[in-house]
Amino acid sequence: MSELSHGLLLLDQGRLEEAEACFVGVLMRDPDNDFVHSRLALCRMQQPGRKNDALESVETAIRLDPEDDYYFGLKSLILSSLHRHREALEAADSAIAMNPEVSFNFSVKASALCDLHRWTEAEENCRIALSIDPDDSMASHMLTNVLRLQGRVEENQAAVDIQLSKNPENAYAHANAGWARLHQGNQVKAEEHFKEALRLDASMDSARSGLLESFKARSWYYRMYLAYCFFMQRFTGRGQWAIILGAYVAYQVLRVPLRQIGAWAELTLIALWITLVLWIWLSPGIGNFLIYLDRTARLALHKSEVYHGLWIGLSLLIGIPLIICGVLMKVPALTPLGAMLIASTVPATMTFTNDSRKGTIVFGSVLALVLVMGVMCATLRFLSGGTSEFAETLFVGLIIVTALSTWLGNVPALRRDDSG
Amino acid sequence: MAEIDSLKQALAVSPDNVPLLLMLGNAHMASFQIEEARQVFTHLLKVDPSNAEAKTCLARLLDVSGKSSEAILRIEQVCQETPNYAPAWILRATLALNEGEATLAREYFDKAVLIDPKTKDKELLKRIEQGGGRKGPGTRIQSSGDQVGVYLDPDSDDDDIFEAFDVDDDDSDLELEFASRPDTNFAKVGGMESVKEDIRMKILYPMQNEELFKAYGKTVGGGVLLYGPPGCGKTLISRATAGEIDATFISVGLHQILDMYIGQSEGKLHDIFELARRNAPTVLFFDEVDALAADRKDLRGSAGRTLVNQFLSEMDGTEAHNEGVLVLGATNAPWHLDSAFLRPGRFDRLIFVPPPDEPAKEEIIKIMAQGKPVTDLDMGGLAKKMKDFSGADIKAVFDQAIEESLGQAMKSGKIVPVTNKQLLNAVKNVKPSTKKWFDSAKNYALYANQSGFYDDVLTYLGLTK
């Protein structure tokens, strides 16, 4: 076993930094080895913040051997991870044009199409890949996901069953089975599969997050939330925006006739709308909070998820009684404090568990602003005995900032991983 | 060029600074600025007339300038004046080879490697051999009392070199760098009391009560796996273990086994086990054992599978008894080991080596500070601030603080001591490298701990299911 094969073993084991050191060592002696550059790219692609380095490495490999279709396929995967989906698709097409006999190239194209939420075409490419090589695990795993994301539950289950029967000791097969069961609303079976996936590969993050989702799905409201998420996943980004805007327009249109029926009817609709928005926003945080209360399940949470859960849970638990006390006991300072805590849950959701650094900064700033406005408002109300006009302006401002942040949360650039 | 400029700036402040002059001279040489390099080294010799490195560099410059005869004379003189300076012998070997004197070149080469094995230049050796350089004998470096250390020359054809271990001539190509009864023991390793106690219970007492074990039908030896974050003293504690039981200690690195040719690695592994059996009681220590004992699922169709099978077979002692051979393995990634290695009779005892505790950190700090201009050192205070730090992290702290002082020293031309405050500042800049390891280990301890292998990790992290 040479240094290169040791590096390849480490890469297979997911020990990326050690593998990288081996590949760099080989390249010091043989700098024009395109194969090693490609493996270095593969290694860097999987490390946070190293995707641009990975792109550079694969481009070096391509420069050294522009005839190798595998390098174009790899480049497509790296571009996908950098959210450059159109270029990823082009690179995948180049790979296919160079060698249409290799299943990997079609799998890569399917992956790029998945990122663009073009499920039908992605499915088509997965099937081509599997017709070339029925054992192509990448295509097989992607096909089960594509079927699930299209809501084709039975076909998805059938594909998962085939995967499991072929390789019952495969962590990916169990993770796919877990997601399939979760989609079907069977969180107990899902939990079993995710645990098995983690037993086989404890470092598998999709299985860990699946396990968390299945823990959260023990409550009925979270199962509804998951159903909503799975429904929305079927659509492209534009489709999702159309649904959100459509719902908002419908809400505004409905308000007019309801207003004529009576103020209570309009207020009920507003309350329902706000509940719906908060339900969508706060469900993951409430789920994390409930998991935190379970001594065993909490071990699966990352630190950021713990902070997220605690912020949402405690803000709601303290904020709601504060508002009730403020109204009933007529203490003017309590209501804005309670409102501030509840409002803070919206930007907090996008602060603690956001993959986007930009997004974390933006929502972190919004969170700070909400807290400052809330504290100022409560102080002014306390000092003026509830007569300060500026305090009222601040209160309205706090509500507006929170409402705006719910719209801001739909901007993809503020949610996706931008570590590069 | 930027390096040369900054060195010149530093020298403007401190024109007679020997280390700086050496750096500048070497920088000029690296940039092929022969005349500038010569001037720098000549000036250096005025400041420090006995500097062997400068003299060797001047000889090399003469050779580069085509004055090879003069270079040979100069280097002969350096070798006479400072016979323990290995790079001079290497240059002398190179010059001799260039003159067609391969046998002489080999002699000089062997001398250099004898003085400092790190100077061994495989390319040069190859050229010497191609030129007909006779293979020189391997040389015993030291042999006194119960301590034996040998440099095993891979090309040696002299049986005498292996006498200490009763090794066949064929075994000489094992390239074992180190095989000795180590002079370290638990008393010389600061802190790590829980690990030591674990080792006493799992290794030392069984070996000390061999007869008692035999009465119960148990054999002494077997395998123990040390695992934990990198840079936390697994190798050190292994050596100390060997020192405690007064056994021959054979440390085997990955590069000594792995061979690019199919079948060679398996042969080397067998030879190492044979060597250990012949010299029992022996502690056979495998560093980075996860590469030799990797999960066969990860190896798929690769040739590494046969190496794993060979390792299993050697540990089982299928061909020969392993009585008195204790196999110690160290790894950062025990979860990548083939599960077959964790069965009874193989690595059936696991010892978790956590990051150093405070007394161990203080010991490391003491060692790091030795021979360096460090003032007002508060070892206890520093150790307290180094939560989750590995030995390697502590070294990084010292490196940072020393670099800062060195920068100031280069400007002032005087020794600027490293202060406790600088070390404390450096602690803030160094992130403990063990955290990443624990992130991975936590997942395995939580989800892949059906046999309870990682219970110690859970306990260390304060996690209970």
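With 10 C-beta neighbours inside 10 Å, Asp376(B) counts as exposed; the cut-offs are 12 or fewer other C-beta atoms within 10 Å for exposed, 20 or more for buried, and partly exposed in between, with C-beta atoms placed from the backbone. This is a predicted model, where local features need pLDDT of at least 70, side-chain atom pairs count only at pLDDT 80 or more, and totals for chains, interfaces and linings use all residues. Residues are numbered from 1 along each chain as its sequence is written, while chains are lettered from A and ligands numbered from 1 in the order in which they are written.

Back to Asp376(B). Its phi is positive, near 35 degrees, and the residue is not a glycine. Asp376(B) sits in the loop between α17 (358-369) and α18 (379-385) of chain B. Helices here are DSSP runs of H or I, at least four residues, and strands are runs of E, at least two, numbered from the N terminus.

Glu288(B) also has a positive phi, about 50 degrees, without being a glycine. Its loop runs between β6 (282-286) and α14 (289-292) of chain B. Is Glu288(B) buried or exposed? Buried, with 20 other C-beta atoms within 10 Å.

Now chain A. It has 20 helices and zero strands, and 43% of its 420 residues are buried.

One helix to look at is α11(A), residues 171-183. Its 13 residues reach 18 Å from first C-alpha to last, close to the 18 Å expected, that is, 1.5 Å times one less than the number of residues. Because 13 of its 13 residues are buried, α11(A) is largely enclosed by the rest of the structure. After α11(A) comes Gly185(A), with a positive phi near 85 degrees.
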